[in-house]
Amino acid sequence: MIDWPLVSVIIFLPLIGALIILFIKEEELTSINIKWAALLTTLGTFILSLILWIQFDYSNPSYQYEEKFRWFDDFNFFYHVGVDGISLFMILLSTFLTPLCILASWNNIKKRVKEYMLSFLFLETVMIGMFASIDILLFYIFFEAVLIPMYLIIGIWGGNRRIYASFKFFLYTLLGSVLMLIAIIVMYRNTSSMSIEFLQGNYFSYNTQLFLWLAFFASFAVKIPMWPFHTWLPDAHVEAPTAGSVILAGVLLKMGGYGFIRFSLGMLPEATEFFIPLIMTLSIVAIVYTSLVALAQTDIKKLIAYSSVAHMGIVTIGIFLVNQQGLEGAMMQMISHGLVSAALFLCVGVIYDRMHTREIEFYGGLVQRMPLYATVFMIFMLGSVGLPGTSGFIGEFLVIVGAFKFSSYVVIGAAFGIILSAVYMLYLYKRIIFGTITNNKLADILDINTREKIILIPLAISVILLGIFPNLFLDPMRLSLELIITNYEIVNAK
Amino acid sequence: MLNNIYNIFFIPEIFLACSSFVCLLFGLFLKKNAFRQTSNLAVFVLLLTILLVYYDSESNFANYKSLFSHSSFINFFKILALLGSIASIIISKDYFLGIKLKNFEIPILFLFSTLGMMLMIASNNLMSMYLAIELQSLSLYVAAAIKRDSISSAESGVKYFILGALSSGILLYGFSLIYGFTGSMNFDDISFYLSKYDNLNLGLIFGLVFVMVGLAFKVSAVPFHMWTPDVYEGAPNSITGFFAIVPKIAAVALIYRFCLVPFENFYLEWSQIILFLSIASMFLGAIAAIAQSNIKRLLAYSSIGHIGYILIALVAANDDGIKAASIYMFSYMIMNVAIFAILLSLKVKNEYLINITDLKGLSKSNPIVSLSISIIMLSMAGIPPFIGFFGKFYVFIAAIEQELYVLSVFGVLASVISAFYYLRIIKIMYFDESKSEGIINFQISFQSKIILSLSLFLIICFIFYPSLLINISASLTI
């Protein structure tokens, strides 16, 4: 093992990069130094986080690389961070996507580049910190702090209705998370501990669990988001700049799923058992309803945003099946969705940068002019549909296998959603890419350039890699998930 | 020990009183720069008073035992009030010179008011409490109306005076009832007398309610808050800063001591009143602030909201509550010092900033100031990782310790609503496109800059070493 505080270094490296950028003088027009500093910092963070994966001990279900320091003298709050199989890939996802985001905004962010890069680096710190924290208060602080940079990113660099979208995003998610704060304090009061590890030992009476569960549900259901709490998402996605949408879809939505696994399943098993029918109903409604809504969209980003809600519905089904296939499927679906939807938003960004519109009507026949673009877009589109061989397939397949053990109605709902997802994605693809060019403005559109290749090709490779070698990802998380399932089953068998 | 007569001057209150008169004479005999010199002297006097409070031992107060009390809680709040007073004198100096209001009496009024507050915090007797309240209020009435040629300043002074006098009357009536039914004015005696009974009789309940109303007026809790926005708006900005920062500290300490010392056994009777005041203040503060376009009115409603949270901790009425109140009050003071330090240095077209919309474009012309304002606003909204979050966090810990779940949920909901108007300020600075750039200029004196940087440092860096403040506040006893 490594004897230096690797996790803390990964958490705070972007923040240090941000401090350095604060003192770099911003040149006129290009701000090239700031961009390079941000890119190098995030790349460095990504490389360090790869060490986490390489050195990860697959046979250890609990936290690794732990660091623990006393933080508050009067209460048992610790600065306590570590990585286990569940958080490992969430951290990797964050560190992988952030450099791509910086690259994606290389040319299309023209105003306030310094503030933009500062926001992204701060965002990266809080995202990684949130996934790595083992102390709930620390988790909460990072969880809420995410709102600050995201609010600024949507509000300053967003589209026309950015102010509405940023306020809705901030207040909606804040409303959810303050209730979680109350729940956290109640938990602390009952157990005198804030350690996520410790609290998974089931200390709460049944009635307390129900209330705690609802409070956590309020915050995670908004974050993930579940129908009917999803209305902030289309607005935020559409108005955010490309890189903002990428992080939003790629990482922030996963915070909800991650929270469900850690808190609802891990700490409140009996209440979870009680609320499973609710979750299943909401998830199936989400899958079918938002898929249909996606079908009717005229804005590409909005379509992908709604498809995110549908995919997250599969994730919540998988999580609350509470069996090995379901949870592994949910985790795979989260990772896959993190890559695929991020890539789709980047793809939309590519044509948006050229044409400055996201209307589906505007496009058509892009394959004639942009063959390479059509190819990568197809990979991600198929990944989103869940074609075997892409990452999307593994997650959906495992969830459906797991769902058979639970109820065939759930399977029908989920499968119906998957069919619908094929419908709206293929339909989108047909309208944008195929056919002849009807719009004269598209006549001299250029294919993706080197920078865009550098962004999209690693994503395409990882989508396929995930689809062909899922065990690469499933093996490290298996034992950690098993631990949660065993605990859940022991408690509920009583 | 008082066997040496000179030691009497080392009692902080007496020292402050004597020094205030010295300052008054000093200002009177100065021909040039009277205002600046007196301000400096006042700051120096207050600094010395802090030292005296810090090293003050209980024996010094032995002779005044019946009138005043002595505890770590009292000392903490005294020091807080003194610090707030120092900060507001320093940050307002340039403002007064800027609007050509050079009366050297202003820092002296602040000194007397601070003296009143120290006595208020320490008072252990209904009579001394009343006199202390009057001492601080009278100085504040004059301060609010100090800009004689401005109608709004005079109006705010008169409004404050009339409503303040009314509330004092109500307070005094309550005192008379309490005295009539218990036969004593001393907090400890009242407490001892009441401990013999299981419930309060009707007269005492009336007395308690009247006193609560009077105190609610002083802390500007809803529904006795009406004066706050008007007085904040009308008074010169720097006086508003003083109003926002200091008197609240003393009034909060007083309401805590009044509830928890003489009436500690009658939790049920007063907690219902405080509960209502708390919920009403949080929600009204949050909702009314949304519609404000004047930054001073907005801060007035924001302070009403903050009072609501502090009263949650009072309803909790446990050790955690006292701890929460002192942490919250500290964070409240720091945040207000920081925001007023900025407001008193921002000029739009050579006028001091009033309208929130004038902040438009600040993020371009002065990125550091707008970043600072954003941090203060997020901290006030209670967003981690800033100090404001920890204030609220401790309040909720105290409330949940007492199983006040519903109150806590109300509290967090109100905090979401209030986040809206704090975010609005950030929105105006960052999101709105401004056509008229460069009309805002920011000039700050070196001393204010130190105060501002120090308070920003505390707001941001509290999270890294919270134990320093928390250990102090955990050891406080009422």
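Some ground rules. In this predicted model, local features need pLDDT of at least 70 and side-chain atom pairs count only at pLDDT 80 or more, while totals for chains, interfaces and linings use all residues. Residues are numbered from 1 along each chain as its sequence is written, and chains are lettered from A, with ligands numbered from 1, in the order in which they are written.

Let me start with chain B. It holds 20 helices and 3 strands. Helices here are DSSP runs of H or I with at least four residues, strands are runs of E with at least two, and both are numbered from the N terminus. How compact is chain B? Its radius of gyration is 22 Å, close to the 23 Å that the globule rule gives for 478 residues, so chain B is as compact as a globular protein of that length. That radius is taken over C-alpha atoms, and the rule is 2.2 Å times the number of residues to the power 0.38. Along its principal axes, the C-alpha trace of chain B spans about 70 × 55 × 45 Å.

Buried residues make up 59% of chain B. Buried means 20 or more other C-beta atoms within 10 Å of the residue's own; exposed means 12 or fewer; partly exposed is in between; C-beta atoms are placed from the backbone. Now contacts, meaning C-beta atoms, placed from the backbone, within 7 Å. Take those in chain B between residues at least 6 apart in sequence: 80% join residues at least 24 apart.

Next, the sheet. The 3 strands of chain B form an open sheet in the order β2-β1-β3, with antiparallel pairing. Which strands stand at the edges? β2 (351-352) and β3 (440-442) of chain B do; each has a single partner strand, so one side of each is left without a neighbour in the sheet. Pairing takes at least two DSSP bridges between two strands. β1 (residues 346-348) and β3 of chain B pair over 3 bridges. In one of them, B:V348 partners B:I440.

Chain B also has a cis peptide bond, from B:P384 to B:P385, with omega near 10°. B:P385 lies in the loop between α16 (367-381) and α17 (387-401) of chain B.

Where do the chains meet? 24 residues of chain B are in contact with 25 residues of chain A. On the chain B side, α17, α18 (405-430) and α20 (467-474) each supply at least two residues. The largest share, 10 residues, comes from α18(B). By class, that side has 18 nonpolar, 4 polar and 2 charged residues. Ala, Val, Leu, Ile, Met, Phe, Trp, Tyr, Cys and Pro count as nonpolar; Asp, Glu, Lys and Arg as charged; the others, Gly among them, as polar.

Over to chain A. A cis peptide bond joins A:W227 and A:P228, with omega about 0°. A:P228 sits in the loop between α9 (206-223) and α10 (232-239) of chain A.

Two residues of chain A deserve a look for their phi. A:S192 is not a glycine, yet its phi is positive, about 60°. It falls in the loop between α7 (162-191) and α8 (196-199) of chain A. Is A:S192 buried or exposed? A:S192 is exposed, with 11 other C-beta atoms within 10 Å. A:V322 also has a positive phi, near 45°. Its place is the loop between α13 (300-321) and α14 (324-355) of chain A. A:V322 counts as buried, with 23 C-beta neighbours inside 10 Å.

How values were computed: Two residues are in contact if their C-beta atoms, placed from the backbone, lie within 7 Å.
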